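Hello,

Here is the structure I promised to pass on to you. Please open it first, and then read my notes below alongside it.

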Amino acid sequence: MSDPREIEKMTTVDRCPVAFPLRQPGQSFPPPQYLEFREQEGLVSTTLPSGELVWLVTRHEDVRAALTDPRISSNPSHPGFPRAAKTGGVPSQDEVPGWFVALDPPEHGRFRKTLIPEFTVRKVREMRPAIQQIVDERIDAMLAAGDTADLIADFALSVPSLVISSLLGVPNADRDFFETRTRVLVTLTSTDEQRQAASKALLRYLNRLISVKQKRPGDDLISQLLADGTLSKQELSGVSMLLLIAGHETTANNIGLGVVTLLSNPQWIGDERAVEELLRYYSVADLVAFRVAVEDVEIGGQLIRAGEGIIPLVAAANHDGTVFERPDEFDPSRSARSHVAFGYGVHQCLGQNLVRVEMDIAYRTLFERIPTLELAVPVTELPIKYDGVLYGLHSLPVRW
Amino acid sequence: MRISVDTDRCVGAGQCVLSAPDVFDQDDMGIVLVLAEPADEPAREAARRGGATR
């Protein structure tokens, strides 16, 4: 597409914007329309609940291009950024200083570089024994309580929640507090007022926690970052909030969904390829990467004007049949490594290695210690989070 | 096969280490290191998956 007139011609094609979000009750996930969108020329536009028009990016190649193009920004302070209510809008730096997923290079780099040493493959491997202990204790508690459980509340959510709070140095006793506030932030139907209140409460809480750690440092990441001094106290609150939220909610959805899939595909239990394929297959963070063009840019044969919003849909990219054969099948024998479930480019998930280890230990240990585990309701009756920014299950009733 | 790394562009995600642990590593700051040239075709294929090829 080198001739600019051709690009011009394509953008004028009259296309009826599709409804958004596409994940609807009774429909399979990823939404079947993604297939049609990938096959269309150019990109498909949609209208957010607020009335803003955004471009949906669905092909694997285009999603990677959109997530790495310097003319496309993650910063919600740019005009046109898709940040409508009911779509899990992104806070700006003014609202939450240190919320560095909302920054572009080079400002973003200062935060990322400070944190990556804590999430390397090696560092995360060293956390294995601590994660194993958390997983074992959760299973001990489930077994002690009887022969049924809600695997989301009792396991899938509690494991990553305990892991990230222990890493950051957030007291376990405060889990209820931050889990309920996080739930507001990741629910599509939350109002702006509810969202702001939850975000403020979390920030206030973390500010107090940081003040305590200034006086009495512990053996945790917040104390370490305080001592390091690269981030201001205010920025550290925002960074902690981001890590806390990202660290438990996304992993919880992955663990829960993965258990359902592995129950019907037991031959893959304990095979680490299953983790990578589950990440691709479910792509729970489909609605997380919101962007805006800050200059005119062409993506997938579509001219996007400066100031127009863009949503690269990672679940669509991860089900692109030109990259993953039979994309809607769960097949860990494929090479799923090129999936973009953690995003792509400078903002790709900082904690991705931690997620992989948590999922691996969770599945191995759960099925080893409770070999008779089964669903307590038919799979079709599992309550799916149609109202969630992240794809997942509200609850997962099991018995053994 | 020639492997070069641009440490300024490295985002420290560790994808290369997971794909080809005999070829790539991360330093204490999380930035990519090249341990060795891939020894055979499977290792070269793994190295390709671990990095952006062009």
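Strand E2 (residues 53-57) of chain A is largely enclosed by the rest of the structure, because four of its five residues are buried. Please keep in mind that this is a predicted model.

E2(A) belongs to an open sheet of five strands in chain A, ordered E1-E2-E8-E5-E3, with mixed pairing. The edges are taken by strand E1 (44-47) and E3 of chain A; each has a single partner strand, so one side of each is left without a neighbour in the sheet.

You can follow the sheet strand by strand. E1(A) and E2(A) are antiparallel and share four bridges. Within that pair, A:Val44 has A:Leu56 in E2(A) as its bridge partner. The two strands E1(A) and E2(A) make a hairpin with five residues between them, and in the turn A:Gly51 has a positive phi of about 100°.

What sense of pairing, parallel or antiparallel, links E2(A) to E8(A)? These two strands run parallel and are joined by four bridges. A:Leu56 turns up here again, standing opposite A:Ile311 in E8(A). E5(A) and strand E8 (residues 309-312) of chain A, by contrast, run antiparallel, with two bridges joining them. There, A:Val292 is opposite A:Gly309 in E8(A).

Now for the helices. H13(A) is mostly covered, with nine of its 11 residues buried. Among the buried ones are A:Ala274, A:Val275, A:Leu278 and A:Leu279, and the list also includes A:Glu276, A:Glu277 and A:Arg280.

A:Asn254 sits in helix H12 of chain A and has a relative accessibility of 7%, so it counts as buried, the cut-off being under 20%. Beyond its neighbours within four places in sequence, A:Asn254 touches A:Leu279, A:Val284, A:Val355, A:Met359 and A:Tyr363. A:Leu279 is one of the buried residues of H13(A).

A few backbone details in chain A also deserve a look:

- A cis peptide bond, with omega about 0°, connects A:Phe29 to A:Pro30. A:Pro30 is in the loop that runs between helix H1 (4-11) and helix H2 (33-39) of chain A.
- The bond from A:Pro105 to A:Pro106 is cis too, with omega near 0°. A:Pro106 is in the loop between strand E3 (72-73) and helix H4 (107-115) of chain A.
- A:Ser283 is not a glycine, yet has a positive phi of about 40°. This residue lies in the loop between helix H13 (272-282) and strand E5 (291-293) of chain A.
- A:Arg326, also a residue other than glycine, has a positive phi near 40°. Its place is the loop between helix H14 (314-317) and helix H15 (352-369) of chain A.

Are A:Ser283 and A:Arg326 buried or partly exposed? A:Ser283 is buried, with a relative accessible area of 1%, whereas A:Arg326 counts as partly exposed at 42% relative accessibility.

Finally, chain B. This chain has two helices and two strands, and its elements run α-β-β-α from the N terminus on. The radius of gyration of chain B is 10 Å, close to the 10 Å that the globule rule gives for 54 residues, so chain B is as compact as a globular protein of that length. Along the principal axes, its C-alpha atoms fill a box of roughly 30 × 20 × 15 Å.

Of the 54 residues of chain B, 39% count as buried. Among contacts in chain B with a separation of 6 or more, 38% come from residues 24 or more positions apart. Chain B exposes about 3,400 Å², and carbon and sulfur atoms supply 48% of that area.

Enjoy exploring it!

Best wishes

Terms used
Residues numbered from 1 in each chain as written. Chains lettered and ligands numbered in written order. Predicted model: local features only at pLDDT ≥ 70, side-chain atom pairs only at ≥ 80, totals over all residues. Heavy atoms only, no water. Buried < 20%, exposed > 50% of the residue type's maximum accessible area, 1.4 Å probe, protein only. Rg over C-alpha atoms; globule rule 2.2 N^0.38 Å. Contact = heavy atoms within 4.5 Å. Areas by Shrake-Rupley, 256 points an atom, 1.4 Å probe, with all protein chains shown as cover. Pairing = 2+ DSSP bridges.
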